Amino acid sequence: MDHDEEIFDEFRPGFLADKDTAWLNDFAEIQRRHEPEISAWAQAFLDYHPVDHQRTAAAIKAWADQVPWPEGEYGREMMALAVRMAITMRLSLSIAAERDRARRTDLMQAAHERIVEARKKAAVYDGVVDRARPAYYVGVGWHAILDDLIKEFSEIDGLGFLSAHEKFGGLRISYLYSGDRQADIDAIEKRAIERSLITCWYCGQPGKLKRERWWRVRCEEHWSAEND
Ligand SMILES: [Zn+2]
């Protein structure tokens, strides 16, 4: 029998079916009247038994049996049962929450792996500019800079170009790589960014980086065209 099943075994559906109406009424009354203590004892069990393997059916029973109850007064068994039920209910809720969390984590992991796979497939490793160009999310003025970068990237084993964007006026490159030539990649990227900062985004003519609302690089002609 699995650990969880053992805990829940006492509370299979219909577990109170053999009790008579008077007993059920008394039990409901004890649950109602002692609700704060029942909750407190149930929570205390979880606090004192933080690790899953400590939360056995025997530990729950021992805990419920030590709940204080006036000597000789009717209802001790009911009180203990109410505490066992409260502990079990909390455990079932936390187990359900944990399964839900684990399921969400699995789904997120699977989604992440699919994205990584898709990126690997989309990456350009071989310097073929025609395959890389659809991922140039910048003006045609910068395409020559990127074509050069793609060729340089292809000389480094395992380096895959993903995409190019504009950020703060200059080029930003995304790529996939794990290897020991990071310094070479940084140098290639730096050269491309430096070129982009003096190259018109639209036409590739010499341009200036300026800020009007946001940073952009444009030649004189295209600065005035944009500002008309
Ligand atoms: Zn221009």
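Mentor: Start with helix α7 (residues 143-153) and helix α8 (residues 182-196), whose axes come within 10 Å and cross at roughly 175°. The model is predicted, so keep that in mind throughout. Two packed helices are described by the angle between their axes and the distance between the axes. Here the angle tells you the direction. An angle over 145 degrees counts as roughly antiparallel, and therefore α7 and α8 are roughly antiparallel to each other.

Now look at who makes the contact. From α7 come I145, L149, E152 and F153. From α8 come I188, A192, R195 and S196. Sort these residues by class and you get five nonpolar, one polar and two charged. Check the spacing of the numbers as you read them. An α-helix has 3.6 residues a turn, so residues three or four places apart point the same way.

The protein is divided into domain 1 (3-118) and domain 2 (129-227). The C-alpha centres of the two domains lie 60 Å apart.

Look next at the strands. The loop between β1 (160-167) and β2 (170-176) holds F168. Its phi is near 50°, a positive value in a residue other than glycine. F168 has 11 other C-beta atoms within 10 Å, so F168 is exposed.

Strand β3 (residues 208-212) contains L209. L209 has 15 C-beta neighbours inside 10 Å, so it counts as partly exposed. Leaving out residues up to four places away in sequence, L209 touches G169, L197, W215 and V217. L209 and C219 are 10 residues apart in sequence, and their C-alpha atoms are 9.0 Å apart in space.

Helix α2 (residues 21-33) has 13 residues, which should span 18 Å at 1.5 Å a residue. The C-alpha atoms at its ends are 18 Å apart, so the two values agree. α2 is hardly covered: one of its 13 residues is buried.

Helix α5 (residues 76-122) holds E117. E117 is exposed, because 10 other C-beta atoms lie within 10 Å. E117 and I7 are 110 residues apart along the chain, and their C-alpha atoms are separated by 42 Å.

Terms used
Residues numbered from 1 in each chain as written. Predicted model: local features only at pLDDT ≥ 70, side-chain atom pairs only at ≥ 80, totals over all residues. Helix = DSSP H or I, 4+ residues; strand = E, 2+ residues; numbered from the N terminus. Expected span 1.5 Å × (residues − 1). Buried ≥ 20, exposed ≤ 12 C-beta atoms within 10 Å, placed from the backbone. Domains from an automatic or database assignment. Axes fitted to C-alpha atoms, helices over the stretch in contact; angles between N-to-C directions. Parallel < 35°, antiparallel > 145°, perpendicular 65-115°, else oblique. Contact = placed C-beta atoms within 7 Å. Nonpolar A, V, L, I, M, F, W, Y, C, P; charged D, E, K, R; others polar.
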